[in-house]
Amino acid sequence: MTLPYAEIQGILLRSAKMPLHRHLLFRIDAAAAARRFLGGLVDGDGPRVGSAEPWTADTKPPYVLYVSLTYPGLRALELPASTLASFPEEYVEGGVRRAEKVGDVGASAPNHWKAPLNTEDVQLVVTIPAMSQTALDEATDGVRAAAARGGACTEVGQLDAAALPPGNLAHFGYADGYSQPTIEGGFGEVLVSPAPDAPAGAFILGYPSQYAGLTYQVPEPDVFGRHGGFGALRVLEQDCAGFEAFLEANRDVIDTELLVAKICRRWRNGVPLAMSPDPPTPDPPIPTDKLNWFDYKPTEATPDAVDDRKGYRCPIGSHVRRMNPRSSTVAGANGHKRRIARRGLPYGAPFDPDHPDDGIERGLLGMFICVSLKDQFEFLMEDWANAGDFAPGLRHRKDPIIGANDASSSSFKIRRPRPEPPIEITGFSRFVTTRGGAYCFFPSLPALRYSAGM
């Protein structure tokens, strides 16, 4: 399949793999001027929206720019009523109204979110990955100047993230970024997986989806909806001090590094438990480009895979196995049908376990890409992260890392071959707290031109 790369925003098909990310949040004040602003981001003299057209190491730009709209943003653009009515319910309701469904309760509820993410003022999001601070600031200045023309938009917020310095793992201490779906017609990932390619229609409107016979409805008119896609913007604070305290509390129950691996699915260095249950540094070492080539049972693609359907190597309830069960047994046999693409980076200074109570907020700033917020992002959060009844043996336990856990009632089971009894770990607190979110639509480049000409 060949996709019309020049029409599709690049964020839907690939990770930019740039060390800096910025999201500029705007409120739309003047509809006609805002539509011209969007058109200018495609054909104007300043910063332009990045398409999915391929680049090489020699042609990779210093920054790329993507633009998305929340449903209040579509309204503020004064799009036709028929267009507004053609978008799916979950997008229309938005991240604030759908928060409880995805486990954003208690400290993660919208009344605790950072302003303005708990309001309807977030209407247009400009996302800028960049290779350097100079390039990021140059793009930011250009966008701000263009947004101000004609009183089009008012900036209401800015969210920044950056790759941690070399030698620093993600905030909880894990190497990250190993598992991304390869999209049919898109670009192969650096770390290939034995999983089947995800259909283009699992991320882009207008193509057959991951479900046989289903193509998700393209919003009207066709020029506005086709080749677009959706994203869930998330600001996720990570309680690194709490995580380390939890590990310390269980040091006499199980080896700390093994516990770290069991609740995630990988050792901190990125080696999967399915490939090396012990130690984290097998001999011979696993080549880096093969660290994603595994499954939890033998398949046609992985005939030599160890049968780990009972979760002796990698617990069924571990974070990444829940979010990407591969060929594991799950309700509906849909382990490959709920995939999302992750675009994000850490925010905040690296965590120093010798100074755990430094008062610095840190976490992950992410955009989670899909064709259906309901069937992919929300399903993952509601059913696989928090319901815990989709796979045998979980018994309503929540995801140990991102689940809406309560230290007084949470638990995690590490099964062992008989006659060894399972190890039951308790005392999980909420290690990840949602600090903001928004449901976004990424229109195609022709759609942005169309809106400018209305």
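Q: How many salt bridges does the structure hold?
A: There are 21 salt bridges, bearing in mind that this is a predicted model.

Q: What does Asp43 pair up with?
A: Asp43 makes a salt bridge with Arg449, and their closest N and O atoms are 2.9 Å apart. Asp43 sits in helix 1 (residues 31-43) and Arg449 in helix 11 (residues 445-452), so the bridge ties together parts 406 residues apart in sequence.

Q: And how accessible are those two?
A: Asp43 is partly exposed at 42% relative accessibility, and Arg449 is partly exposed too, at 40%.

Q: OK, switching over: where do Asp176 and Arg342 lie?
A: Asp176 is in the loop between strand 4 (153-162) and helix 6 (222-225), while Arg342 is in strand 6 (residues 341-347), so this pair ties together parts 166 residues apart in sequence. Their side chains form a salt bridge at 3.7 Å, N to O.

Q: Is Asp176 buried or exposed?
A: Exposed, because its relative accessibility is 55% and the cut-off for exposed is over 50%. Arg342 is partly exposed at 29%.

Q: What about Arg268, which residue does it bridge to?
A: Glu257, with the closest N and O atoms 3.0 Å apart. Arg268 is in the loop between helix 8 (256-264) and helix 9 (319-323), Glu257 is in helix 8, and they are 11 residues apart.

Q: Buried or exposed, that Arg268?
A: Arg268 counts as buried at 18% relative accessibility, whereas Glu257 is partly exposed at 33%.

Q: Last one: which residues do shared partners join into one network?
A: Arg22, Asp137 and Asp160 are joined that way through their salt bridges.

Terms used
Residues are numbered from 1 along each chain as its sequence is written. This is a predicted model: local features need pLDDT of at least 70, side-chain atom pairs count only at pLDDT 80 or more; totals for chains, interfaces and linings use all residues. Side-chain values use heavy atoms; hydrogens and water are left out. A salt bridge is a side-chain nitrogen of Lys or Arg within 4 Å of a carboxyl oxygen of Asp or Glu. Helices (H or I, at least four residues) and strands (E, at least two) are DSSP runs, numbered from the N terminus. Buried means under 20% relative accessible area, exposed over 50%, partly exposed in between (1.4 Å probe, protein chains only).
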